[in-house]
Amino acid sequence: MSKDKAVPTSKFSRALRFGSLAGRVASNVAYGGLKSMVTGQNKSTKELVLNSKNIEQLAHLRGAAMKLGQLLSMDAGELLSPELSALLSRLRNKATPMPHKQLTRTLKQQWGAHWLDGLANFELRPFAAASIGQVHRAYTDSGTKLAVKVQYPGVAKSIESDVDNVVRLLKLTGLLPKGLDIDELIAEAKAQLLNEADYTLEAHYMNQYQEKLGPSSHFVVPKAQSELCTAQILAMEFVEGEAIEQALTCTQEERNRLVMHLLTLFIHELFDFRLMQTDPNFANYLYQRDTSRIVLLDFGATRAISEPISRGYWQLIQGAITGDRGIMAQAARDIGYFSDNVDKAYEHTVLDIFALACEPLTAGGEYDFASSALPARIKQKGLAMSSRELQWHSPPVDALFIHRKLAGLFLIAAKLQARVNVSDILANFNGKTW
């Protein structure tokens, strides 16, 4: 894990950090460019922007920079420059822990001066870090092992200014396309961060998933320790498991079954629960090999799915399965992808992408995720769409998060080399069928 670095807590100190950071990033790029010319290396803009110094500087910002990075890299896709896409991809996977002194001060503020009361042990060194918090092991006096997520101080109070400053930084470095309207995404970054900064809300979502899944034989959701939870501290039972990618050493049958359960959960989230954990990061899943159960972690990015969006996707899928482009087009309008006067060539491209995305459903048997070139083909279609900047507009934010979840599940399935009959999952779905 990276070296500890204190998190700036006040709006003023964070603004100063962003201002000086913007200058340092721009200076690093300029200096690197000059140096590469002198040495004859002729480094590309991508190499200059992605140097380790810039990544380290951005990683210290945590919260806003990482959340905006997640949103931009998940939805704008090929509309972003390769340099910015690569930068955001690396940024969202990197964080630095806060120093012990700042950590203990935060614990005292949240739990009181005698914050260790009731705990037999609290490990000051985090074992995991996320965009707005870090996670520690702890033990109660009764011996219960806990995972305690502690939010970086100042995150909740500085969300709006932080996100605005990150956007300014991206524009200053010239990496954000001038013609790209991301106002809605910026507003969503702020709203999503506000939700994720409320750990009592995340505990609520954990409880909701436990209720909806019931005594599942396929999934485990950690139990929140309500007496220890605050707006900035989330305490939950520590659930053992191995990184989900380690399941690659399991049998083909086990891997197929694991992915089948994840895809089945996605179907229920979209059409039954109308509640979705939208961050499919590998780190948010564990696998218990002895019980074949999947541990679900981190519910901060959970979103309620509206009935019109849910119904629209059901119709969109049915249209893709039957090959009825008329049904697909109407469903896309209902979801909010384009208006009635949309350019027909643009509409055709969007429907092509939807049809491609539904390929696992229309395969007519087991779909081999590892050997599929589907992501590359969707990317190629996305490039064609991005050339029509005047017609392009961002779809509803809920749709972007749904796509993010589905794309992440595809990556997990490919990583585990799973082969699954996806059409059977939908056929066996016994929830609401519009």
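In the predicted model, V220 has V295 as its bridge partner in β10. Strand β5 and strand β10 (residues 293-296) are paired in the parallel sense, over two bridges. On the other strand, Y287 stands opposite I294 in β10. Strands β9 and β10 run antiparallel and are joined by four bridges. The hairpin formed by β9 and β10 has four residues between the strands, and there S292 adopts a positive phi near 60°.

These pairings belong to an open sheet of four strands, ordered β5-β10-β9-β7, in which the pairing is mixed. The edge positions are taken by β5 (219-220) and β7 (242-243); each has a single partner strand, so one side of each lacks a neighbour in the sheet. Helix α10 (residues 252-273) packs on this sheet, where it touches β5, β9 (285-288) and β10. The direction of α10 makes about 45° with that of β10.

Helix α10 also packs against helix α16. The axes of α10 and α16 come within 10 Å and cross at roughly 170°. Because an angle over 145 degrees counts as roughly antiparallel, α10 is assigned as roughly antiparallel to α16. On the α10 side the contact is made by V259, L262, L263, F266, E269 and L270, and on the α16 side by I402, K405, L406, L409, I412 and A413. By class, the residues of this contact between α10 and α16 comprise ten nonpolar, no polar and two charged. An α-helix has 3.6 residues a turn, so residues three or four places apart point the same way.

Helix α16 itself covers residues 397-415. At 1.5 Å a residue, the 19 residues of α16 should span 27 Å, and the end C-alpha atoms of the helix are 27 Å apart, which agrees with that expectation. Just after α16, Q417 takes a positive phi of about 55°.

A further partner of α16 is helix α8 (residues 183-196), which packs with α16 at an angle of about 70°, the two axes being 11 Å apart. The helices α8 and α16 are therefore roughly perpendicular to each other. Their contact involves E184, L185, E188 and Q192 of α8 together with V397, L400 and F401 of α16. The contact of α8 with α16 contains four nonpolar, one polar and two charged residues.

Another helix pair is formed by α12 (residues 325-335) and α13 (residues 344-357), whose axes come within 10 Å and cross at roughly 100°. Helices α12 and α13 are therefore roughly perpendicular to each other. In this contact, R325, M328, A329, A332 and R333 of α12 meet K344, E347, H348, L351, D352, F354 and A355 of α13. The residues of the contact of α12 with α13 divide into six nonpolar, one polar and five charged.

Regarding confidence, the pLDDT averages 80 for the protein, and 70% of the residues score at least 70. Residues 12-20 have a pLDDT below 50, although this stretch has 20 contacts in the model beyond near neighbours in sequence. The pLDDT is also below 50 over residues 74-79, a stretch with 17 contacts beyond near neighbours in sequence. Where pLDDT is low, the predicted coordinates should not be read in detail.

Note on methods. Residues are numbered from 1 along each chain as its sequence is written. This is a predicted model: local features need pLDDT of at least 70, side-chain atom pairs count only at pLDDT 80 or more; totals for chains, interfaces and linings use all residues. Side-chain values use heavy atoms; hydrogens and water are left out. Axes are lines fitted to C-alpha atoms, for helices over the stretch in contact, and angles run from 0 to 180 degrees between N-to-C directions. Angles under 35 degrees count as roughly parallel, over 145 as roughly antiparallel, 65 to 115 as roughly perpendicular and the rest as oblique. Contact means heavy atoms within 4.5 Å. Ala, Val, Leu, Ile, Met, Phe, Trp, Tyr, Cys and Pro count as nonpolar, Asp, Glu, Lys and Arg as charged, and the others, Gly among them, as polar. Two strands pair if DSSP finds at least two bridges between them. The expected span of a helix is 1.5 Å times one less than its number of residues. pLDDT is the predictor's confidence in each residue, from 0 to 100.
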